[in-house]
Amino acid sequence: MRILVILATIDEYNMLISTIKNNSFFKVTSIYTKSKDSLNDSKANDSLNRSNQQKFKSNSLSYKTRVVEEKTFFNFSEIKYNYLDKEIYIIALYSNFGMLNASCATIFGLERFYPDIVINLGAAGSLNKNFNIGDIVTPFRVFYSTYQDTASLLFDPDFIKKITSLSPDQPVESQFIQNLNRKSLGLNNIEKKLYKNILKNYPQIHKCIISTQDFNVDSNEKKKFLNRVFEADVVDWESYAIKYSSNKYKTPCLILRVITDLADENFEDDYKTNLETVLKKISEIFVNSIISDVCKIYFSDINCSRKI
């Protein structure tokens with residue numbers, strides 16, 4: 001079985017690799033790493049290569065990571081381990097920020113590795129007062145609208161005044177948003193099975209609606225706009241693109257996001273302050289529990305078939 005994990009930042013990438021290497025449950029047999037000739041951030045590049053050139057031990061098995069320097073579009077590590085007497089490959093792929101990067105990285109991973117499932121781990125901002133920093137969410141629907149469409153309303157003072165004046169139980173009237181081209185993606189049959197399993201077995205993971213946007217949500221006006229117009233609970237920069245690309249290749253996609261900020265004026269400071277702690281939290285629950293659940297469901301219920 002092959003699991004493609006898309007990670008938008010070098011911090012998410014390194015945290016996942018480190019968590020897997022330090023987990024005694026995994027009987028890792030090999031790690032194969034490819035890196036681009038350069039990363040935009042030279043410090044991140046140095047960190048990536050240093051961490052991947054070290055020697056690790058897992059279950060008394062000693063192995064060395066191979067770092068292959070050759071031209072490739074994205075940095076990735078292919079981790080092979082044994083589970084339920086079967087070979088499992090986790091391909092951790094670093095995409096960089098934004099929908100265009102996420103879409104290109106997902107297509108690259110799908111074309112190269114032919115994964116059975118795509119999983120996206122990453123950060124998100126909260127649009128819902130019930131979701132706090134450190135909460136982990138998984139969406140049953142992902143919305144997207146282009147910046148051009150959204151901006152036509154977002155920077156209309158009359159519209160913002162109408163939206164912000166509504167009470168929480170008042171619906172947004174259809175004439176307010178009739179020209180907004182809202183696209184959305186739900187869950188297919190396999191994704192529903194995985195989604196229900198996660199919500200049942202992990203009460204600390206919450207269901208949600210995600211709005212993927214290509215602008216910073218850094219004010220209460222933008223936050224309320226997305227919450228009311230898209231009925232979204234959280235916002236990010238990549239989920240829609242990753243899910244859309246996966247759907248085109250008829251490959252199931254599971255999205256897991258952790259709240260780093262409250263999508264307001266302090267989002268940048270909150271993001272930087274909370275990032276390491278919350279990434280460790282989502283990486284540990286993913287590595288310690290969710291991966292094995294995904295494998296069990298595939299081997300027992302789905303048998304790796306792709307009846308979408």
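1. Phe-143 sits opposite Ser-211 of strand E11. Strands E9 (residues 136-144) and E11 (residues 205-212) run parallel and share eight bridges; strands count as paired when DSSP finds at least two bridges between them. Strands here are DSSP E runs of at least two residues, and helices are H or I runs of at least four, numbered from the N terminus.

2. A word on the model before going further. It is a predicted one, where local features need pLDDT of at least 70, side-chain atom pairs count only at pLDDT 80 or more, and totals for chains, interfaces and linings use all residues. Numbering starts from 1 along each chain as its sequence is written, and side-chain values use heavy atoms, without hydrogens and water.

3. Three bridges link E9 with E10 (residues 183-185) in the antiparallel sense, and Tyr-144 has Lys-183 as its bridge partner in E10. E13 is also antiparallel to E9, through two bridges, with Ile-136 facing Val-258.

4. How much of E9 is buried? Seven of its nine residues are, so the rest of the structure largely encloses this strand. Buried means under 20% relative accessible area, with a 1.4 Å probe and protein chains only.

5. Do look at Thr-251, in the loop between helix H8 (239-248) and strand E13 (253-261). Thr-251 is buried, at 2% relative accessible area, and its side chain reaches the backbone oxygen of Tyr-249 at 3.2 Å.

6. For the chain as a whole, there are nine helices and 13 strands, and buried residues make up 56% of the 308 residues.

Notes. Buried < 20%, exposed > 50% of the residue type's maximum accessible area, 1.4 Å probe, protein only. Polar contact = N/O pair within 3.5 Å; in protein donor to acceptor, adjacent residues only side chain to side chain.
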